[in-house]
Amino acid sequence: MTREELKVLICDDSILARKMLKDTLAQIGCTNFIEAKNGVESVEMFMSENPDLVLLDIVMPGKNGVEVTKDIIGNDPDAFIVIVSSVGTKSFLEDALRAGAKDFIQKPFTANAIEVVVDKICSK
């Protein structure tokens with residue numbers, strides 16, 4: 001799969017964080033992304049859009065990232081979820097990884113950190 005073909009679901013309640021992720025993805029050649037602004041919408045968008053990669057914040061309204069991870073993995077055990085969150089959410093992060101998230105990127109993130117995850121998916 002190429003970076004252009006990769007479908008990415010960006011889940012964050014912060015419009016600024018979503019914009020930064022979209023800009024970073026575009027910078028590395030990804031052009032196919034969708035957004036969710038809360039936990040409930042994140043699950044709905046995953047089910048309807050079937051993305052290849054989910055970039056998921058932990059602290060969101062409706063459902064937190066741990067609950068979203070459980071819901072998504074419950075429906076698709078092969079879903080590739082990466083938590084993108086600040087270091088202050090360590091206990092939530094551990095819960096999300098136990099629930100099936102594949103990786104963690106700390107905010108503020110670098111383009112290189114996003115690129116490493118994208119390359120993992122594209123090389124599958």
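Buried means under 20% relative accessible area, exposed over 50% and partly exposed in between, with a 1.4 Å probe and protein chains only. Helices (H or I, at least four residues) and strands (E, at least two) are DSSP runs numbered from the N terminus. The model is predicted: local features need pLDDT of at least 70, side-chain atom pairs count only at pLDDT 80 or more, and totals for chains, interfaces and linings use all residues. Residues are numbered from 1 along each chain as its sequence is written, and side-chain values use heavy atoms, leaving out hydrogens and water.

**View A. The two sides of helix H4 (residues 90–99).**
Leu93, Ala96 and Ala99 are the buried residues of H4. They cover an arc of only 125° around the axis, which puts them on the same side of H4; the arc is that of the directions from the helix axis to the C-beta atoms. The face turned away from this buried side carries the exposed residues Lys90, Ser91 and Arg98. H3, E4 and E5 are among the elements that cover the buried residues of H4. Just after H4, Gly100 takes a positive phi of about 130°.

**View B. Packing of H3 with H4.**
Two packed helices are described by the angle between their axes and the distance between the axes. The axes of H3 (residues 65–75) and H4 come within 9 Å and cross at roughly 0°. H3 and H4 are therefore roughly parallel to each other. Axes are lines fitted to C-alpha atoms, for helices over the stretch in contact, and angles run from 0 to 180 degrees between N-to-C directions. Angles under 35 degrees count as roughly parallel, over 145 as roughly antiparallel, 65 to 115 as roughly perpendicular and the rest as oblique. From H3, Val66, Thr69, Lys70 and Ile73 meet Phe92, Asp95, Ala96 and Ala99 of H4. The residues of this contact divide into 5 nonpolar, 1 polar and 2 charged. Here Ala, Val, Leu, Ile, Met, Phe, Trp, Tyr, Cys and Pro count as nonpolar, Asp, Glu, Lys and Arg as charged, and the others, Gly among them, as polar.

Thr69 is buried, at a relative accessible area of 0%. Contact means heavy atoms within 4.5 Å. Leaving aside neighbours within four places in sequence, Thr69 is in contact with Leu56, Ile81, Ile83, Ala96, Ala99, Gly100 and Ala101.

Ile114, Val117, Val118, Ile121 and Cys122 are the buried residues of H5. Seen down the axis, they fall within an arc of 135°, so they line one face of the helix. These residues pack against helix H1 (15–27) and strands E3 (53–56), E4 (81–85) and E5 (103–106).

**View E. Loop positions Ser14, Asn50 and Pro108.**
Ser14 is found in the loop between strand E1 (7–11) and H1. Ser14 is partly exposed, with a relative accessible area of 29%. Ser14 and Asp57 are 43 residues apart in sequence and 9.3 Å apart in space, C-alpha to C-alpha. Asn50 sits in the loop between helix H2 (39–49) and E3. Its phi is near 50°, a positive value in a residue other than glycine. Asn50 counts as exposed at 51% relative accessibility. Pro108 lies in the loop between E5 and H5. A cis peptide bond joins Lys107 and Pro108, with omega about -5°.
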